[in-house]
Amino acid sequence: MSNGILIIGACGQIGTELTLKLRELNGNKNVIASDIREGNKELMKSGPFEIVNAMEYESILSTIEKYNITEVYLMAAMLSATGEKFPDKAWQLNMESLFNVLNLAKVGKIKRLFWPSSIAVFGPTTPKENTPQQTVMEPSTVYGISKLAGERWCEYYHNKYGVDVRSIRYPGIISWKTQPGGGTTDYAVEIFHKALIIGKYNCFLSKDTKLPMMYMDDAIDATVSIMNAKSEHIKIRSSYNLAAMSFTPEELALEIKKIVPEFKILFNPDFRQKIADSWPKSINDISAREDWGWNHNFNIKKMTESMLNNLYSKYEIV
Ligand code: VAH
């Protein structure tokens, strides 16, 4: 095989759909999925899979050499809410995995690397609306601290060693194929499943908690675009702001009610409210749009329709 692609953390919310898209674009056998454990049926039957521990350099290296990998997407991480329950483990996983792939790229074992950052790099002192690419960044979660540190290391390895690493600050990602993995924005996925299964949802954020969000299709398109862009077009080697829409749980519930009129929502904020309150309400992503042609397709209406149409089929609701 030549020019193989490896996804580390392929069984996660983004990793699963990124793997399927990359297989569609590059051929199933050229895209190796890997994770610490196996993933869903669709992922597992769509192409080669390897058990890889993102924290073990040798585990990644042996897979790179076995499949002649040239491009790696590191999607394994512990997200914001779980990271606050296990701060040491979150820091260890998020940083050791990044250093492994940066160091493999530094010695020429990886030609092009994708690493996801997050709007979690912003904190309570960051301007809340239309948050700029460069601004005050004092994250108050372990996840956000690890992503901010990771961005600085990506830029350092690019400038000092010429590593071709590219990164996007994902907002909350909404999708139907896989369950979300321990994030603060998970409510925006859970709400759809609950709306169809029990007709009501007990939301762990307050009704007016406005957050930047994106439909999975847009997130995957952005990831493919930044990795296909010419190197000289990637002017930011820390991580790019990325945006599509912002909404509150109340606004999302209203959009769902247009299709599921009987849907009811309750609001009982928990520890994740403090995390959400530390993040921006909206993001300025002009740099991504100007540098490598980013443009989103899904607004809240189109996303809600797509989510419910797919979940009606998944749950065989007629
Ligand atoms: C989380 N879904 O909630 C992730 C994301 C912006 C939020 O990074 O932790």
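1. Quick term before we start: a polar contact here is a pair of N or O atoms within 3.5 Å.

2. A word on what you're looking at: it's a predicted model, where local features need pLDDT of at least 70, side-chain atom pairs count only at pLDDT 80 or more, and totals for chains, interfaces and linings use all residues. Residues are numbered from 1 along each chain as its sequence is written, and side-chain values use heavy atoms, with hydrogens and water left out.

3. Side chains join in as well. Y143 puts a polar side-chain atom 2.9 Å from an oxygen atom of the ligand, and a side-chain N or O atom of T185 sits 3.0 Å from a ligand nitrogen. The protein covers 95% of the 280 Å² of accessible area (Shrake-Rupley, 1.4 Å probe) that the ligand has on its own.

4. Who else is around the ligand? Counting residues with a heavy atom within 4 Å, the list includes L79, S118, I119, Y170 and W279. By class, that shell has six nonpolar, six polar and no charged residues, with Gly counted as polar and Tyr, Trp and Pro as nonpolar.

5. Now zoom out. An automatic or database assignment gives domain 1 (4-171 + 215-240) and domain 2 (173-213 + 243-284 + 297-314). The ligand shell draws at least three residues from each domain.

Notes
Polar contact = N/O pair within 3.5 Å; in protein donor to acceptor, adjacent residues only side chain to side chain.
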